[in-house]
Amino acid sequence: MEEKSLDFLFNNVSLYTKERFEIFKLEEDEYHLNKEEFEKFKKYIGINKEKIITYCHKCKKEFPFNIQVKYIDFMTDINFTTENMIITESFANGVAGRVDVKKGNIWGAMPPYKKEKLYNNKIWYIEYLFECTNNSQHRYLMMISIELKDGCFIVRKIGQNPSMLTIKGFDFDKYKNILEKLNAYDDYKKADLSNADHFFVGAYAYLRRIFEKLILFYLGEAKLDDNHMDTKINFVKDKFDPRIRGLLKNLYGILSKSIHELDEDESKEYYIYLKTVIDMQLEYMNTEEEKEKQSKRLGKILNEIAGLIQ
Ligand SMILES: [Zn+2]
């Protein structure tokens, strides 16, 4: 599995998601350092890292971003060269155990630690400022918390601005007129929002609802033999973009599965599929509407000309 870096934390992790690192493992009443987990933790919070790569929503392109970091509730040494997380009580006249998050090492009292010496339920915060290397005015902000609990460091993204949605750049209003006719504008927005937050089951559920509304819109007052989805789809299939018509049978197979049967991966896959179909259809409706307007305009002009030459 790929190790999660600060790039991943910024680009792919949704707000309030926790990541646990079991840095100290309890064995016979002593906490022992798990070096591998410690390395993973350092990578995740970006110790010694100078840049991340992310999409700049102003440059409309991926760029490296410089990283500036602000530490909150850390202990700064007298020369401001280090930032420490104090993780143990002081004991045996020595300095308490601490993690230097600038150098990425542990110093002072060294592990293993007696169970009662390692702190529990302590919390620190780090604020990151990311600056686009193409234009230093383009800045992103992210805030995380690090909690020490039962020997684990729990890292949680607690803030991000602008939101992932702005960074990834969604264009909700492109099909606003049509979506409002279907009474599906909110569903469309929520589907994208859920997807941006990696909540795929929810995102897919919203898309299904849009698709159902689309079918209802085309059905209008029509009376059908039964109420099955395939009967409905069959009845309105001519209203779809010709490129979609052939896919509708497959689509029905997907739609007939209950949301509760789907796991995250399936939901994600179906989301992408259904999103493509819906966007294609919205585009098609847009074009058809334009053609209609155009032909009305032309019809009016032709009438006027006919009036002139009578
Ligand atoms: Zn930029």
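Predicted model: local features only at pLDDT ≥ 70, side-chain atom pairs only at ≥ 80, totals over all residues.

**Entry 1**

The crossing of α6 past α7 is left-handed.

**Entry 1: α5 against α6**

Next I looked at α5 (residues 185-196), whose axis comes within 7 Å of that of α6, with a crossing of roughly 160 degrees. Angles over 145 degrees count as roughly antiparallel, so I wrote α5 and α6 down as roughly antiparallel to each other. α5 passes α6 in a left-handed crossing. From α5, Asp187, Tyr188, Lys190, Ala191, Ser194 and Asn195 take part. They meet Phe200, Gly202, Ala203, Tyr206, Leu207, Arg209 and Ile210 of α6.

**Entry 2: α6 against α10**

Which residues of α6 meet α10? I first set down the geometry: the axes of α6 and α10 (residues 264-308) come within 8 Å and cross at roughly 35 degrees. α6 passes α10 in a left-handed crossing. The α6 side of the contact is Phe200, Val201, Ala203, Tyr204, Leu207, Ile210, Phe211 and Leu214.

Where does Asp241 sit? I found Asp241 in the loop between α7 and α8 (242-245). Leaving aside residues up to four places away in sequence, Asp241 touches Met280, Gln281 and Tyr284. Is Asp241 buried, exposed or partly exposed? I have 16 other C-beta atoms within 10 Å of Asp241. Buried takes 20 or more and exposed takes 12 or fewer, so Asp241 is partly exposed. I also checked Asp241 against Gly46: they are 195 residues apart in sequence and 48 Å apart in space, C-alpha to C-alpha.

**Entry 3: the whole chain**

Stepping back, I looked at how the chain is laid out. It is divided into domain 1 (6-166) and domain 2 (170-299), and the C-alpha centres of the two domains lie 43 Å apart. I have 10 helices and 13 strands in the chain. What is the radius of gyration of the chain? It is 28 Å, while a compact globule of 310 residues would have one near 19 Å. The C-alpha atoms fill a box of roughly 110 × 50 × 25 Å along the principal axes. I noted that 23% of the 310 residues count as buried. Among contacts with a separation of 6 or more, 55% come from residues 24 or more positions apart.

**Entry 4: Asn48**

I then turned to Asn48, in the loop between α2 (35-45) and β4 (51-56). Asn48 has 10 other C-beta atoms within 10 Å, so I marked it as exposed. Asn48 and Gly104 are 56 residues apart in sequence, yet 7.6 Å apart in space, C-alpha to C-alpha.

Which peptide bonds are cis? I wrote down the one joining Pro111 and Pro112, with omega about 5 degrees, and the one from Asn161 to Pro162, with omega near -5 degrees. Pro112 is in the loop between β9 (105-107) and β10 (113-114). Pro162 is in the loop between β13 (152-161) and α3 (164-168).

I also looked up positive phi values. Lys60 is not a glycine, but its phi is positive, at about 60 degrees. Lys60 lies in the loop between β4 and β5 (61-72), and Lys60 is exposed because it has 8 other C-beta atoms within 10 Å. Asp73, also a residue other than glycine, has a positive phi near 70 degrees. I placed Asp73 in the loop between β5 and β6 (75-76). With 13 other C-beta atoms within 10 Å, Asp73 is partly exposed.

Key
Residues numbered from 1 in each chain as written. Helix = DSSP H or I, 4+ residues; strand = E, 2+ residues; numbered from the N terminus. Domains from an automatic or database assignment. Rg over C-alpha atoms; globule rule 2.2 N^0.38 Å. Contact = placed C-beta atoms within 7 Å. Left-handed = near helix turned anticlockwise from the far one by under 90°. Axes fitted to C-alpha atoms, helices over the stretch in contact; angles between N-to-C directions. Parallel < 35°, antiparallel > 145°, perpendicular 65-115°, else oblique.
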